[in-house]
Amino acid sequence: MSAVEHRYDLRSRQERYAGPIFAVVSDEVAMPGGGTAGRDWVRHVGAVAVVALDDADRVVLIRQYRHPVGRHLWELPAGLVDVAGEDLPSAALRELAEEADLAARTVDTLVDVFSSPGFTNELVRVFLARDLTDVPVDRRHQRRDEEADLQVVRVDLDEAVSKVLAGEITNASCVAGLLAAARARDTGWSALRSADAPLPGRATS
């Protein structure tokens, strides 16, 4: 597929807020027809999530409180790409250990998700982790704040997909990861990418 695409050149930018996780910026962007338009958006550090699948075809889900929506959500083990020098597979394994007390011997790239491209450049890489083992008790992460309230369960993958379609699982990376994992399993894992596969570009930075 090919198409002639307008070039949305950046004319000006103003940073409204900057924090350790995200910044809010206001851009003036060239539009088709010669005019410009303002676009406010959130620049994000990025994140990883993990579909951890055990030998019984069960996926690890966590239930965590999310303040912006004011409720608990079913999610995948996940977290920010905010440790200097840490590659994405290592970040994913760190989050799996911290949130689910699990390690994995096999890690592949499952799917990449722009979480909400209408207002943020946040990119979530979702990994598939298999050959799971427990993290020794004396090496487990001490969970704090919302993480202290985490509920960790294992759910049959097909049942988890049914919960997505029933509207019971709504977290974007969890929805994408579960559907992608079910499809990948049903095709014999033939479409999986390596854990260090290149990320899709984020043109706005």
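Helices (H or I, at least four residues) and strands (E, at least two) are DSSP runs, numbered from the N terminus. The model is predicted: local features need pLDDT of at least 70, side-chain atom pairs count only at pLDDT 80 or more, and totals for chains, interfaces and linings use all residues. Residues are numbered from 1 along each chain as its sequence is written, and side-chain values use heavy atoms, with hydrogens and water left out.

**Exercise 1.** Locate Trp189 and Asp131, and describe their phi values and accessibility.

Solution. Step one: Trp189 lies in the loop between H3 and strand E11 (193-194). Step two: its phi is near 65°, a positive value in a residue other than glycine. Step three: buried means under 20% relative accessible area, exposed over 50%, and partly exposed in between (1.4 Å probe, protein chains only). Trp189 has 24% relative accessibility, so Trp189 counts as partly exposed. Step four: Asp131 belongs to strand E9. Phi of Asp131 is near 55°, again a positive value in a residue other than glycine. With 34% relative accessibility, Asp131 counts as partly exposed.

**Exercise 2.** Describe how H2 and H3 pack.

Solution. Step one: helix H2 (residues 157-165) and helix H3 (residues 172-186) pack at an angle of about 135°, their axes 10 Å apart. Axes are lines fitted to C-alpha atoms, for helices over the stretch in contact, and angles run from 0 to 180 degrees between N-to-C directions. Step two: H2 and H3 are therefore oblique to each other (under 35 degrees is roughly parallel, over 145 roughly antiparallel, 65 to 115 roughly perpendicular, the rest oblique). Step three: the residues in contact (heavy atoms within 4.5 Å) are Leu157, Asp158, Ala160, Val161 and Val164 of H2, and Val175, Leu178, Leu179, Ala181, Ala182 and Arg185 of H3.

**Exercise 3.** Describe the largest nonpolar core and the surroundings of Val51.

Solution. Step one: a nonpolar core is a set of buried Ala, Val, Leu, Ile, Met, Phe, Trp, Tyr and Cys residues joined through side-chain atoms within 4.5 Å. Step two: the largest has 28 residues, and those with the most contacts inside it are Val51, Leu61, Leu76, Leu110, Val126 and Leu178. Step three: two or more residues each come from strands E4 (47-52), E5 (58-66), E8 (102-114) and E9 (123-134), and from H2 and H3. H3 gives the most, six residues.
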